[in-house]
Structure formats: C-alpha cells, structure tokens
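Dear colleague,

Please find below the structure that I am handing over to you. My notes on what was found in it follow directly after.

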Amino acid sequence: MNKILIVAEHDGSRLNPAIAKCVRCARDIPDANVTVLVLAADPAAVAAEAATINGVDAVVTVANPANAQALAATLAPQVAAVASGYSHVFGPSTTFGKDLMPRIAALLGAPQLSDVMAVESATRFRRPIYAGNAIVTVEVAAGTQLVATVRVASFEAAARGNATAPITAASLDVVLPSHTRFVSLSAARSDRPDLQTANRVISGGRAFGSADNFKILDGLATKLGAAVGASRAAVDAGYAASDMQVGQTGKIIAPELYMAFGISGAIQHLTGIKDARTIVAVNKDAEAPIFEIADYGLVGDVFQIIPELERLIG
Amino acid sequence: MNRILVAIKRVVDYNVRVRVKPDGTGVVTDGVKMSINPFDEIALEEALRIKEKGQAQEVVVVTIGPADCQQQLRTALAMGADRALHVQTDAVIEPLTAARIFKSLIDREQPMLAILGKQAIDDDCNQTGQMLSALWGRPQATFASKVEIGDGVATVTREIDAGLETLEIDLPAVITTDLRLNEPRYVKLPDIMKAKKKPLDVLEPAALGVTPSEQLKAIRYEPPPQRSKGVMVKDAQELVAALRSKGLIQ
C-alpha cells in the first residue's frame with residue numbers, strides 16, 4: 001500500500017480548492033491510502049471539509065495557536081513529525097506549497113519533485129521543466145520517501161461525497177522556532193473569483209499603457225464573472241498587482257475560458273495558460289506569438305474591442 | 001564580518017527557445033547561450049545593494065557545477081561580488097545535494113544572510129533555498145519583493161498567491177528572490193577586467209563532506225503537447241458568436 005500524506009492549505013476556515021486536486025493526483029497512485037493533514041489554530045472546520053472529499057481515507061489534525069499563520073519554519077517540523085510511515089508527502093504547487101514542501105523534504109532527507117503533472121506509477125511521475133518547453137519523466141528508487149508538489153492545473157478536483165473520513169487529532173512533541181514572525185498581509189480585496197480556480201479568466205498586458213487603462217477590464221470581468229490576470233510586463237509596469245501575474249513565475253491556471261488582451265505571448269506567459277480549455281487572444285499585432293496557440297484570434301485595439309465585447313455580451 | 005553568501009546557477013539563457021533532443025535524452029544545450037539564472041542575478045544585486053548601504057562588508061558568490069560555470073562566477077565578480085567559490089563537479093546535482101553543499105559552505109563562511117534565486121529557469125524546481133534554511137535551522141523568506149535589514153533582523157515582503165506578505169526574520173537567514181525585488185545592474189567593461197584579479201577558489205564536493213546522490217532519475221524527455229492554431233475572427237461580433245456557439249458564454 002502507498003500511504004500518501006497531503007498537507008492542507010487553508011485560510012483558517014476554508015480548505016483551498018487546490019487540495020481536492022492534490023487528492024485526485026494522489027488517487028492516481030496505485031493502491032493509495034490518502035490522509036489529509038490539517039495544521040491550524042483551530043482545525044475543526046477545515047478538517048470537516050477535507051473529510052468529505054472523495055478519495056480521502058483519513059484526516060489528521062494538529063491544533064496549535066502557532067499555526068494561525070502558515071509559516072514554513074513553523075509548519076515543516078510538525079509535518080515532518082507526522083510524515084514518518086508515509087511513502088509520499090504531497091502539497092499543492094501554490095506559493096504555500098512551494099514555500100513549505102522543500103523545507104519538509106530537507107527535514108526528512110527526502111528528494112522532492114516539483115509540479116507533478118501526471119502519475120505513471122508510485123515511483124514514476126511527469127513534470128514540466130524549462131517553462132514547460134520540455135516534459136521530463138522522473139523515477140525515484142522504490143522505497144524512497146518522496147515529497148512532491150502537485151501542479152494543480154493538471155488535475156481535476158476530486159468531488160465531495162456524503163461519506164466522511166475519520167478525523168483524528170495528533171499531539172506532537174515538537175519544539176517550534178520563534179525566529180520567523182508574521183507581520184502583515186496586504187491583499188487586494190476583490191469580490192472576483194480566485195484567479196487560480198476561476199472558470200473564466202481575462203488578462204491584460206503591456207498594451208494597456210497605465211493602471212487606469214487596465215481597469216477597463218473590470219467591466220468585462222463583471223459581465224463574464226471572470227477573474228482578472230495580467231502578464232509579467234503589465235505587473236512590472238505597475239498596471240496590475242503582483243498576485244495577478246500569470247505565467248512561469250506567477251500563477252499556472254487552467255480555466256474553461258481564457259481571454260488575453262494586449263498580451264504578445266512570451267513563452268513564460270504561455271506556460272501559465274496552455275491548460276486552458278479555450279484561449280482567446282486580442283492583439284493589435286497580427287504577428288504576436290499568442291495567436292499561434294489561441295483557439296480564437298482577433299487582430300485589433302483592446303480599447304475598442306473590450307467595450308464592444310462588454311456591450312455584446314450584455 | 002557581516003558577509004552575504006549568494007548562490008548562482010549557470011543555465012540556458014532566458015531568451016533561448018529550449019528544444020528536446022530527438023532521442024529524448026535531454027534538451028539541446030550544445031552551442032546554446034548560457035547565463036546566470038535571472039533570479040540569481042537579482043539575488044546578487046540585492047546583496048550588493050545591502051553591502052553598498054554599509055549593512056554588509058563582503059559578498060561571496062558560490063556555484064556548483066562543471067568547469068564552465070566559472071564564466072558565470074566571473075560575471076558575478078564583475079557585477080561586484082568580492083570573491084567566488086566554485087564547487088566543481090560533473091555530477092547531476094539535485095536540489096537537496098546543492099542545499100547540503102551550500103550548508104557546508106555556510107559552516108565555513110558564517111554569513112549573516114544567504115540569498116538565492118527562488119527557482120532556476122532550467123529545472124524550475126524552486127527548492128534549494130528552502131532546503132538550505134531547513135538544514136541550517138534558520139528562517140526562510142521566499143519569493144522576496146522587498147528586503148530591509150535591521151539590527152539582527154530582516155523585514156521581508158513576499159509575493160504570495162494571496163497578495164503581499166511581510167515577515168520579520170532573525171538573522172542569519174535565507175532569502176529567495178522574486179522578479180520584482182530589483183533590477184540587476186549591467187556589467188561595465190572595466191569591471192570585467194577587474195574581476196579577473198578577484199579571488200576564485202575551486203573546491204570539490206568530497207572536500208565539503210557531501211557525496212552527490214542521484215535519487216531522482218530522469219528517464220525520458222519529451223516536447224510538450226502542442227496546442228493547434230485556431231481560427232482568426234474578423235471582429236468582436238464574430239468572436240462573441242463563436243464563444244456562444246461553444247457554450248462558453250451566454
């Protein structure tokens with residue numbers, strides 16, 4: 001049996017949707033037994049949610065006031081203490097998982113695979129490298145404990161069922177460090193859907209020319225119920241917040257509909273969107289590389305076309 | 001002495017379109033331009049700025065890899081690093097091995113800060129800095145977009161999915177850099193000449209007590225599945241009609 005431990009990402013009250021995708025990835029491993037580990041100040045609500053995901057066999061909770069913030073230095077030794085006896089330790093390939101999982105791997109002395117996109121066996125996985133320009137199949141020796149982050153855009157979310165997995169509380173005897181302290185989080189509050197899990201995403205690039213101009217995407221986003229993303233060029237230029245960046249070093253997304261406005265389509269951007277079901281590109285430059293991968297391309301000025309689309313979609 | 005250790009990696013240049021070898025044994029690197037990993041360049045720039053503010057006295061740049069890596073170390077010295085350490089090996093270096101090597105260098109150099117790029121743009125692993133701080137038992141501030149050094153502490157703003165998070169960490173610590181931390185300086189010709197005289201020491205992994213182990217074996221490389229080119233529409237109306245007919249919008 002392959003025992004897989006998934007480290008839950010959550011905001012203290014809700015489970016991050018990425019975790020249901022990690023569960024799906026874990027279930028692709030033959031003969032899998034899946035445990036979700038919830039570290040929180042008060043894990044009850046998140047644990048109850050995790051327990052209803054199809055394919056979850058058990059939920060383990062660790063309650064500690066120190067877990068109110070997801071600090072890798074605090075969480076890693078606790079996960080490492082729980083992880084002995086598990087063949088695989090998974091986390092999502094979000095900034096939470098990217099920050100935390102390698103720290104766990106080092107404490108366990110285990111190798112890590114980042115951005116697992118497909119499972120071939122319990123010891124063989126596929127992952128993208130070179131900004132997605134190559135896919136490598138990697139084999140880990142049987143019997144080696146493996147840590148991995150799951151490329152969430154590659155997996156459907158496991159559904160929720162009526163059955164509930166048993167929840168047990170672990171009490172750990174781990175000394176937690178005090179050398180890392182949370183100060184603040186400044187989040188651009190938005191009532192839009194979350195970029196990483198939205199069904200529809202519209203993004204803007206350098207063509208917008210200013211932060212004010214970038215706001216013309218808002219009306220269309222509201223009409224479509226879409227999240228708003230941005231290219232690296234737009235973020236670097238200050239038109240959009242850094243957490244809106246889509247691409248190799250930003251967010252990797254897989255919406256049903258992706259609409260790129262004024263984005264030329266650098267390979268680093270394309271790697272973040274190529275799992276989208278349908279890609280629409282609008283760009284003034286008929287030669288822009290984004291048209292090479294777009295399902296629907298339209299050559300034109302974003303400042304004319306966006307208001308037109310808003311009106312037509314009505 | 002307040003010292004900063006900066007780890008750099010020699011990678012295929014950012015602008016090269018990487019192709020998989022026809023026999024699936026790797027990617028084409030022969031005759032391809034190689035550079036310092038862009039995130040590592042940002043790491044070095046940040047270290048130099050901290051030194052220029054008088055908050056550190058020495059910037060030591062380190063790399064692991066074959067003899068050719070010294071080109072990138074020389075570039076780093078030309079940017080302004082004071083000296084370089086080259087851990088020379090032809091072995092495949094996995095992130096955990098790299099972290100073990102850097103940890104042993106930290107034991108020798110006793111830096112107040114180790115700054116690394118958040119990921120290398122070849123293997124896109126995003127692991128080494130976090131692993132290093134775990135082995136060192138020190139704080140990590142990953143994906144940094146702002147760093148302020150105080151008295152025995154650093155305040156670091158991090159780019160995370162939810163927005164911008166600020167942490168306060170005790171020094172010594174590990175910081176990994178995100179894109180918007182700074183814009184690395186250009187190297188000037190006189191600096192390249194000066195860099196040739198700066199110290200560059202060569203070590204072997206064994207001398208640091210680390211044996212590179214290959215726990216993850218690459219079996220096969222493939223090009224990614226290609227999306228096929230779609231259709232061009234002539235105006236917004238045609239686009240909306242097409243999306244409606246596919247049920248993508250109401």
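Two strands are taken to pair if DSSP finds at least two bridges between them. In the model, which is a predicted one, this applies to strand β8 (residues 153-160) and strand β9 (residues 163-170) of chain B, which pair in the antiparallel sense over eight bridges. Within that pairing, I160(B) has G163(B) of β9(B) as its bridge partner. A hairpin is formed by β8(B) and β9(B), with two residues between them.

On its other pairing, β8(B) is joined to strand β7 (residues 140-149) of chain B by five bridges, again in the antiparallel sense. Strand β8(B) is mostly covered, seven of its eight residues being buried.

I turn next to the interface between the chains. Chain A contributes 87 residues to the contact and chain B contributes 75 residues. About 7000 Å² is buried between chain A and chain B, and carbon and sulfur atoms give 53% of that area. In chain A, the residues that lose the most area to chain B are Y130(A), R181(A) and Y296(A), which together account for 11% of what that side buries.

As to specific interactions, there are seven salt bridges between chain A and chain B. One of them links the side chains of D295(A) and R227(B), with an N to O distance of 2.8 Å. Polar contacts across the interface of chain A and chain B amount to 42 residue pairs, with both residues at pLDDT 80 or more. On the side of chain A that touches chain B, helix α4 (residues 95-108) of chain A gives the most, with eight residues. By residue class, that side of chain A divides into 43 nonpolar, 22 polar and 22 charged residues.

Strand pairing also occurs between the chains. Strand β16 (residues 296-299) of chain A and strand β13 (residues 231-232) of chain B run parallel and are joined by two bridges. Which residue of β13(B) is the bridge partner of G297(A)? The partner is M232(B). Y296(A), listed above among the residues of chain A that lose the most area to chain B, lies within the residue range of β16(A).

With kind regards

Note on methods: Residues numbered from 1 in each chain as written. Chains lettered and ligands numbered in written order. Predicted model: local features only at pLDDT ≥ 70, side-chain atom pairs only at ≥ 80, totals over all residues. Heavy atoms only, no water. Contact = heavy atoms within 4.5 Å. Buried area = accessible area lost by both parts, 1.4 Å probe. Salt bridge = Lys/Arg side-chain N within 4 Å of Asp/Glu carboxyl O. Polar contact = N/O pair within 3.5 Å; in protein donor to acceptor, adjacent residues only side chain to side chain. Helix = DSSP H or I, 4+ residues; strand = E, 2+ residues; numbered from the N terminus. Nonpolar A, V, L, I, M, F, W, Y, C, P; charged D, E, K, R; others polar. Buried < 20%, exposed > 50% of the residue type's maximum accessible area, 1.4 Å probe, protein only.
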